Amino acid sequence: MASQTTSSLLTLYLTLGSFCLGKTADMSAFNNPSHGPPATDFAAADSLPISVLRAAAAAASVVPKDATYPFTLGNSEKSTIHSDWVSFKEGAALSWVADMDVDCDGVNHKCEGNQDGQPQTNWGALSAYAVPYIVIPDRFLAANKDILPGNNIAAVICNEKMYYGVLGDSNGDDPQITGEASWLMARTCFPKENLQGNNAHSTKDVTYILFTGNRAVLPENVMGKTYITDFDTLRTMGDKLARALASNLATPNSSESAAAAGLWAGREGPVMMIAVFFCTVAVMLVL
C-alpha cells in the first residue's frame with residue numbers, strides 16, 4: 001500500500017500533467033447547476049477589442065433569408081441575424097443582438113423553471129450546466145446548413161465581457177426566437193440575476209457572434225455529445241477567429257482595431273514557452 005506522501009505526490013503529478021497537457025479530464029463533475037466550469041475556462045483574451053466587435057455588430061445591416069425573429073415571447077420587438085461578415089476569408093461570422101433566455105435542452109432538460117425541455121440537443125445531448133452553448137432558430141439553421149454544420153464556435157458579449165461557446169441547439173418553438181444560451185453561459189454572463197428556465201435576462205444588450213464554416217467547428221476530439229473536454233482548444237480557436245474578424249472589420253479606427261486585435265498574437269509564442277517551461281520544472285520537482 002502506497003504511503004500517504006507517495007499518494008499525495010502522485011495526485012499532484014497527475015494534476016500537473018493534466019494541466020500541462022490540456023484540460024481533457026472527465027467533465028461530468030461539472031454537470032451541476034451551481035458548480036459548472038469556471039468563467040476563465042471559456043473567457044476571451046483581455047487584449048481583444050470587444051467594444052469594436054460589439055459596435056460593428058450593432059451597425060450590421062445585411063439581412064439574409066429567414067433572419068428576423070422575436071427575442072421574447074409576447075413581445076413585438078424583433079432581433080435580426082445579420083450576414084455582413086460571412087464572406088470574410090478568415091473570421092467569417094453571423095451576428096445579432098438580443099436578450100438572453102436560458103436553454104436546458106440535453107441532459108439537464110429538467111433544470112429549474114424549464115417546462116418544455118427536450119432530452120436531446122441538435123448534435124448530441126449537451127449538458128447545459130457544463131457547456132457554454134448558444135441556440136439559433138431552427139428555420140434559420142435549416143436555411144444555412146452549409147455554413148452552420150454544428151458545434152461552430154460562438155462569441156457572446158455580455159456585461160462588458162466576452163465568452164466563447166458553441167452552436168449547440170436550435171429553437172423550434174412557435175414562434176421561434178433568438179437570444180437563447182445554455183444555463184452555464186447565461187449564469188456566467190449575469191451571475192447576479194438568478195437566471196433559469198422561466199427567468200430570463202430581458203434587456204436586448206447581448207451580442208452574439210457565430211463563426212461560420214467548417215474551419216470554425218470545434219474538433220470532435222474535444223467536443224463530445226455531452227461535454228467539451230478541452231477548453232484550451234475552445235479559447236485558442238475563439239481568440240484566433242475573433243482576432244481575424246476584428247482585423248477585417250472596416251471601421252473609422254480600423255488601424256487601431258487591427259493593432260488591438262494583433263496585440264495578443266505577438267505574445268502567444270512567448271507565453272506558451274513560459275507555460276511549458278514552468279510545467280516542465282513543476283513535473284521534474286515532483287519526480
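Student: Hi! Quick one to start: are Cys 158 and Cys 189 buried or exposed?

Tutor: Cys 158 and Cys 189 are both buried. Keep in mind that this is a predicted model.

Student: Got it. What do Cys 158 and Cys 189 form?

Tutor: They form a disulfide, with 2.1 Å between the two sulfur atoms. Cys 158 belongs to strand β6 (residues 153-158) and Cys 189 to helix α4 (residues 183-189), so the pair ties together parts that are 31 residues apart in sequence.

Student: Let's zoom out. How many helices and strands are there in the protein?

Tutor: The protein has seven helices and nine strands. Of its 287 residues, 46% are buried.

Student: Which residues have the most contacts inside the largest nonpolar core?

Tutor: Met 100, Met 162 and Phe 211, in a core of 72 residues. The largest share of this core is seven residues from α5.

Student: Which residues is Met 100 in contact with?

Tutor: Setting aside neighbours within four places in sequence, its contacts include Val 156, Met 185, Phe 190, Val 206 and Tyr 208.

Student: Nice link! You mentioned α5. How many residues does helix α5 have?

Tutor: Helix α5 has 18 residues, 231-248. From first C-alpha to last it reaches 26 Å, close to the 26 Å expected at 1.5 Å a residue.

Student: Which residues in α5 are buried?

Tutor: Among them are Phe 231, Leu 234, Met 237, Leu 241 and Leu 245. In general, an α-helix has 3.6 residues a turn, so residues three or four places apart point the same way. The buried set also includes Asp 239 and Arg 243.

Student: What happens at the start of α5?

Tutor: There, a side-chain oxygen of Asp 230 comes to within 3.0 Å of the backbone nitrogen of Asp 232.

Student: New topic: the backbone. Which peptide bond is cis?

Tutor: Look at the bond from Asp 174 to Pro 175, which is cis with omega near 5 degrees. Pro 175 sits in the loop between β7 (161-171) and β8 (180-182).

Student: What is phi for Asp 66?

Tutor: Asp 66 has a positive phi of about 55 degrees, although it is not a glycine. Asp 66 lies in the loop between α2 and β1 (68-70) and is partly exposed, at 28%.

Student: And where is Glu 160?

Tutor: Glu 160 is in the loop between β6 and β7. Glu 160 also has a positive phi, about 70 degrees, without being a glycine. With 59% relative accessibility, Glu 160 counts as exposed.

Student: Last one, Gln 196: buried or exposed?

Tutor: Gln 196 is buried, with a relative accessible area of 9%, and its place is the loop between α4 and β9 (201-211). The Gln 196 side chain makes a polar contact with the side chain of Glu 112, at 3.4 Å. Leaving aside neighbours within four places in sequence, Gln 196 is also in contact with residues including Val 102, Trp 183 and Arg 187.

Key:
Residues numbered from 1 in each chain as written. Predicted model: local features only at pLDDT ≥ 70, side-chain atom pairs only at ≥ 80, totals over all residues. Heavy atoms only, no water. Disulfide = S-S within 2.5 Å. Helix = DSSP H or I, 4+ residues; strand = E, 2+ residues; numbered from the N terminus. Buried < 20%, exposed > 50% of the residue type's maximum accessible area, 1.4 Å probe, protein only. Expected span 1.5 Å × (residues − 1). Polar contact = N/O pair within 3.5 Å; in protein donor to acceptor, adjacent residues only side chain to side chain. Core = buried A, V, L, I, M, F, W, Y, C linked by side-chain atoms within 4.5 Å. Contact = heavy atoms within 4.5 Å.
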